[in-house]
Amino acid sequence: MTALLDVRGLSKSFGGVEAVRDVSFALAAGELLALIGPNGAGKSTCFGMLGGQVRPDAGRVRLAGADITGLKPRRIWARGVGRTFQTAETFASMTVAENVETALHGRTAARSAETRRLLGLVGLAAAAGRPAGTLSYGDVKRLELALALSNTPRLLLMDEPTAGMAAAERTALMQLVAGLARERQVGVLFTEHDMDVVFAHADRILVLDRGLLIAEGPPEAIRADPQVRAVYLGE
Ligand code: ADP
Ligand code: MG
């Protein structure tokens, strides 16, 4: 079977820093795959190369068999890849609803109904009329998820989607994302600092250390991996 996302030999250097070195992995439809690693491991650079914001030096990215390596972000988005960023990207002066309507600009009909549906899905229905700049940090992350979902993506890339959220909010957001994966067969790649969240929700985990993939497997295997414990969990 063709993987939803197939990454082979992805590499990127910034000056002398090898941020990502020869990284290969695959992601199936409906799978929640976590990419973890210490600060500076290369996680955001990987996300950038998958979303088109960062041009790889080497390697290939295939989406459902089609080569999307080095395509512009809007081209990758048009192929059904939604993404959220480590630093939220929303329009602070527009209302929450206007942000979503803007993301839906390619659609001519039923935009307001679709906006309501998306805001309901992420738990922001009551905040629809508020300027996005007045939202709490956690609610901005929810809005970002609504924007990423406006495309009805088959692949969702989420760089620290729950950063700055309280524990209960993190769990709620991850349950929402897990539901999308299970019910709509969306493939999800996410990073997350809270290991409890990772171990509770990920089907499989990739561990990056200084640009290298050092481990890959289900949560139980990663939790027990001595190399992972040494470099990442600080043991
Ligand atoms: P992570 O998201 O895992 O914290 P990053 O991908 O942000 O890691 O960074 C990996 C390495 O690449 C770090 O050493 C970082 O300083 C460097 N890096 C990332 N982006 C850039 C950039 N645009 N210019 C220069 N160095 C960068
Ligand atoms: Mg990062």
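Analyst: Strand 2 (17-27) and helix 1 (43-51) each supply at least two residues of the shell around ligand 1. Helices (H or I, at least four residues) and strands (E, at least two) are DSSP runs numbered from the N terminus. The model is predicted: local features need pLDDT of at least 70, side-chain atom pairs count only at pLDDT 80 or more, and totals for chains, interfaces and linings use all residues. Residues are numbered from 1 along each chain as its sequence is written, while chains are lettered from A and ligands numbered from 1 in the order in which they are written.

User: Which element gives the most to the shell around ligand 1?

Analyst: A residue is near a molecule if its C-beta atom, placed from the backbone, lies within 6 Å of it. Helix 1 gives the most, with three residues. The residues around ligand 1 include Gly-37, Gly-42, Lys-43, Ser-44 and Thr-45.

User: Is helix 5 largely enclosed or open?

Analyst: A residue is buried if 20 or more other C-beta atoms, placed from the backbone, lie within 10 Å of its own. Ten of the 13 residues of helix 5 are buried, so helix 5 is largely enclosed by the rest of the structure. Among the buried ones are Lys-141, Arg-142 and Glu-144.

User: What covers the buried residues of helix 5?

Analyst: Contact means C-beta atoms, placed from the backbone, within 7 Å. The cover includes strand 6 (81-84), helix 3 (96-103) and helix 6 (167-184). Across the protein, 41% of the 235 residues count as buried.

Notes. A residue is buried if 20 or more other C-beta atoms lie within 10 Å of its own, exposed if 12 or fewer, and partly exposed in between; C-beta atoms are placed from the backbone. Two residues are in contact if their C-beta atoms, placed from the backbone, lie within 7 Å.
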